[in-house]
Structures are given as C-alpha cells and as structure tokens.
Amino acid sequence: MFKENKSDVLHGILLIVLFSCSAFYIAEFDFVKNLSFSPLIVGIILGMLYANSLRNKLPETWVPGIKFCSKQVLRAGVVLYGFKLTFQQVMAIGLPAITADLIIVTGTILLGIVLGRLLKVDSQTALMTATGSAICGAAAVLGAEPVVKCEAHKTAVAVSTVVIFGTLSMFLYPILYRSGIMTDLDDQAWAVYTGSTLHEVAHVVGAGNAIDAAGGHVADAATITKMIRVMLLAPVLVIMSLFLARTSKNNSADGSKRKITIPWFAFGFLLVIAINSALQAATFIPQEILETSTTFINNFDTFLLTMAMTALGAETSIDKFKQAGAKPFYLAGLLYLWLIFGGYAIAKYIV
C-alpha cells in the first residue's frame, strides 16, 4: 500500500466491505439458514458474481485493495479464529476424539495428495481441496492459501467442493442416524463420527442439532470434536510449509530451494487459543462481560473472514472454473467417501 495509491486501495477495501455486509444480511434469510450457509460462503458467491459481471467495469486501480483483503485481512481473521476454541474443550471430550481427529486429518491430506496425482489434478488444487476436507472447510482453505501461494480461482474451487459435499453431509448424517443402519455406534461415537468427518463447523452444528431432534445427544460433543480438528490447522500449516519447501527443491532444475514460508499467523492462532483458554478459566472476570466480549470478537472475526472469501471470489471467473475442470470435484468426491466410510470405521473401533 503505497501513499500515492492509498485512495485506490481504500476503494477496493470498501467495495469488499460492502459485499461482506450484504453477505451477512443475506445469510440471515431463512432459506439460507436452512442450508447452513455461513456469511463466508455467501461472500464468495457474491465475489464470484462480481468477478463475472461488474469486474471489467470498475477501475483496475481498485485491485490492490481487493488483494489486501485476500491476504492481510485473511491472516488477521485466521488468528482471531482462535477465540472460538479453548484447551478445556480438548480435555472435556477425551482421547478417543483426539485420536479420531488425528487419523482423519492425516489420512485425508495424504489420500488427497495421492489421489490428486492419480487423477492428474493440479498439485496446489489437490492440496487445498484435501486440506479443506480434512480440517475445517473454508476456514482451512483460507488458512492454507498463504502457505500454498496458489491462484485465487484454485482456492475458490477448493471452497466449492467443501460447500457441496459438506452441505450434502449435513442432510445425510441425520438420515443415517434415523435409519438405524449404524446401530453399532452409540451417541458418543456418533458425536465423534460427525465432528471428525463433516467439513464446516456450521455443518457439524446443523447435523448435530438434527440428530438431537431425532432423540440423540450428539450436538455438543460433535462440535467440540470439530473444534479439536480446527486446532490442528496450525501444526498442519507448519508441516505443509516444510513439505512444500522440500518438494520444490527436489523438483527444481537447478536444485534451488524454495523459501520456507513460516505461517506466523498459525502461531498467532494458537496463542489466541491459549489466551481464550486462560480468560475462560479466570473466575474473577464476570461471565456476562466475558461472553459479550467473546461474541463481539467472534462476530468481527467472521466479518474479516467473509471479507477474505469475498475478495477471493472477486478474483475468480467462470473461465477459470472451466479451466480447472471436473477433476477437483472427482477428487473431493473420493475424499468424501473416505470420510463417510473411513470415519465410520474409526468411530466404531476407537470410541
């Protein structure tokens, strides 16, 4: 952001803010709520609509402001996401949930890399798609984007796969619970199964509440299991950065090593979790004040992440989706089958 361009950058940021405010408004519509579409998902849809309609009619000088939202604002949003989590939640759910989450996250990412090569999917798209399926959907894709350093449309493709299969799961899991097909899973196992395999936090909450309405007691434990999975985002990003640096060196013609991208925002994310854990345990702070403050921060963080998603959508045209082709969705579909059947086996034998 140079001084002479500050006004243009501000115009780009204000454009994204306007779209993000609209995303929050639209996300309150009943039919959108029924789909459990968060403002993040609505934001990227609005951004893509802009990219394929008005983008060429607005000044190109606004682009730096849009990119600022997809980079710096994104990192701030990932850091503040830590206020949704506490280490106390990890202790409450126990070792089985932690073990299931570790297996799911590790297995999904590794399987995504292998299947991506077999399907001849672009390596960056495959890694982003696998990360979104493995950890926490759109938020994980956003967190991985600064490390992978891929083009905006690849991020949008990965987010799209999360939206499609995560939404499908939100309706499928309650049906499976009511059908009695998986009778060998008790409510605790169902909670771990749901929290360790569904894509978005919103999907877990939606499916958990639907299962509870059918007589189960799944929602709370499933959400905590999901939050443990979210905590794995930071170590995954560090390992991903080291892996990408090593593979780029092996694949380069001159043997030059790619600079390791240390995702400092990931450590900030863990630090914020620690701060939130300490605050939640502090008995001298009035509970009402703590809840109000945390709610405000979480809402503000959701707005920042919505801005980042909208900015990424604004860089994504239909032509780029066509260029990506159907293979990323085939990959996401195979990962989805792994989550359903592999997650079931893990929940059955570990919980």
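**Notebook: salt bridges, a patch and a pocket**

I started with Lys-154, which is buried, as its relative accessible area is 11%. For the record, this is a predicted model. Buried here means under 20% relative accessible area, so Lys-154 falls inside that class.

Next I asked myself which side chain meets Lys-154 in a salt bridge at 3.2 Å. I found Asp-122, with the 3.2 Å taken from N to O. I then looked up where the two partners sit: Asp-122 is in the loop between α6 (95–118) and α7 (123–134), while Lys-154 belongs to helix α9 (residues 152–179). They are 32 residues apart, and the pair links distant parts of the chain.

I checked for another partner and noted Glu-151, which also forms a salt bridge with Lys-154. The closest N and O atoms of Glu-151 and Lys-154 are 3.8 Å apart, and the cut-off for a salt bridge is 4 Å, so the pair counts.

I then went through the rest of the salt bridges; the count for the model is five. One of them joins the side chains of Glu-28 and Lys-33, at 3.1 Å from N to O. I looked up Lys-33 as well: its relative accessible area is 43%, so I logged Lys-33 as partly exposed.

On to the surface. I found a nonpolar patch of about 360 Å², made by Tyr-25, Phe-29 and Phe-31. Tyr-25 lies in helix α1 (residues 6–26). I put Tyr-25 down as exposed because its relative accessibility is 59%, and the class begins over 50%.

Last, the largest pocket. I noted a volume of about 660 Å³ and a lining of 24 residues. Which of these lie nearest the centre? I listed Ser-38, Pro-39, Leu-40, Ala-202 and Thr-302. The elements that give two or more residues to the lining are α2 (30–34), α3 (39–51), α11 (201–213) and α15 (287–314). I marked α11 as the one that gives the most, with five residues. By class, I have 14 nonpolar, six polar and four charged residues in the lining.

Definitions and conventions
Residues numbered from 1 in each chain as written. Predicted model: local features only at pLDDT ≥ 70, side-chain atom pairs only at ≥ 80, totals over all residues. Heavy atoms only, no water. Patch = residues over 30% accessible without salt bridge, like charges linked within 9 Å, V, L, I, M, F, W, Y side chains within 5 Å. Areas by Shrake-Rupley, 256 points an atom, 1.4 Å probe, with all protein chains shown as cover. Helix = DSSP H or I, 4+ residues; strand = E, 2+ residues; numbered from the N terminus. Buried < 20%, exposed > 50% of the residue type's maximum accessible area, 1.4 Å probe, protein only. 1 Å grid on protein atoms, 1.4 Å probe; cavity = no way out; pocket = protein on both sides within 12 Å on 5 of 7 lines; lining within 4 Å. Points joined across faces, edges and corners; volume = space filled by probe spheres on them. Nonpolar A, V, L, I, M, F, W, Y, C, P; charged D, E, K, R; others polar.
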